[in-house]
Amino acid sequence: MLFRKKKGTLPKTEELKIPAHVGIIMDGNGRWAKQRRLPRSAGHKAGANNFRTITRYASKVGVKYLTIYAFSTENWSRPAEEVSGLMTLFKEYLEEALRDFMEENIRVRFIGDISAFSPELQALIHEVEEASAGKTGMVLNLAMNYGGRAELVRAARRFAEDVKAGEKAPADLSEEELSRYLYTAGQPDPDLIIRPSGEQRLSNFLLWQSAYAEFVYFDILWPDFRPDDFDEALRIYSHRQRRFGNV
């Protein structure tokens, strides 16, 4: 079911249940640009600017963990020019994070296989993680070159390697044990997944972790997704009854 923002109907943010962990699938940058007869790169730039706004807002309202789907393992198949433009935007964000974003009490982590990125980008990623490691506020997980299936394969391989090394036994494998091998080890599973753009699918995002997440889909393209829309997602989440398989 899709939701559009209804102006004037939202309660104050303080009255809402704030999920500990929110995941956002940023989607719709290309369509946003097409609607305005702009190049796709303009849509990605607008989406990147909005990412900064929503990240700061999520931190402000009390979200403890925010996972943003920035670049999937499948995104490499896009035109080379578009991928190159995205890499440039990532570099600009990382440089900004080191310059300005560090004023925020936000710890930045990267989940996904970053080995596919350029050495320069990898160095910036490590620098941002190290520079923000001491932050005590919201944890921002940036999913870059991330895929849920690839994450599960990686976790299974790492467990198998520990078994081979004699550090684990096959019988040790449980849901809790496998979770310790995921990129999000030590973090709570997402309570809420938000997807703007009107699409209604996970797109290989946090497949294991989202088993009992609440989903809210918006018929709003990501560059147009505003803090009021985030509030609407929180309002919808606040009225959901989470049973986790129970009656």
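This is a predicted model: local features need pLDDT of at least 70, side-chain atom pairs count only at pLDDT 80 or more; totals for chains, interfaces and linings use all residues.
As background, nonpolar side chains in soluble globular proteins tend to be buried together.

Leaving out residues up to four places away in sequence, Leu 140 touches Phe 51, Thr 55, Leu 66, Ile 68, Tyr 93, Phe 101, Ile 106, Arg 107, Val 108 and Arg 109.

## How α2 meets α3

Next, have a look at the helix pair. Helix α2 spans residues 40–61 and helix α3 residues 80–99; their axes lie 10 Å apart, at an angle of about 30°. Angles under 35 degrees count as roughly parallel, and α2 and α3 are therefore roughly parallel to each other. The crossing of α2 past α3 is right-handed.

On the α2 side, the contact involves Arg 40, His 44, Lys 45, Phe 51, Arg 52 and Arg 56, while α3 brings Glu 82, Leu 86, Leu 89, Glu 92, Tyr 93 and Glu 96. Sorted by class, the residues in this contact are seven charged, four nonpolar and one polar.

## Glu 104 in its loop

Glu 104 sits in the loop between α3 and β4 (107–111). With a relative accessible area of 27%, Glu 104 is partly exposed. Beyond its neighbours within four places in sequence, Glu 104 contacts Arg 56 and Lys 135.

Conventions:
Residues are numbered from 1 along each chain as its sequence is written. Side-chain values use heavy atoms; hydrogens and water are left out. Axes are lines fitted to C-alpha atoms, for helices over the stretch in contact, and angles run from 0 to 180 degrees between N-to-C directions. Helices (H or I, at least four residues) and strands (E, at least two) are DSSP runs, numbered from the N terminus. Angles under 35 degrees count as roughly parallel, over 145 as roughly antiparallel, 65 to 115 as roughly perpendicular and the rest as oblique. A crossing is left-handed if the near helix is turned anticlockwise from the far one by less than a right angle, and right-handed if clockwise. Contact means heavy atoms within 4.5 Å. Ala, Val, Leu, Ile, Met, Phe, Trp, Tyr, Cys and Pro count as nonpolar, Asp, Glu, Lys and Arg as charged, and the others, Gly among them, as polar. Buried means under 20% relative accessible area, exposed over 50%, partly exposed in between (1.4 Å probe, protein chains only).
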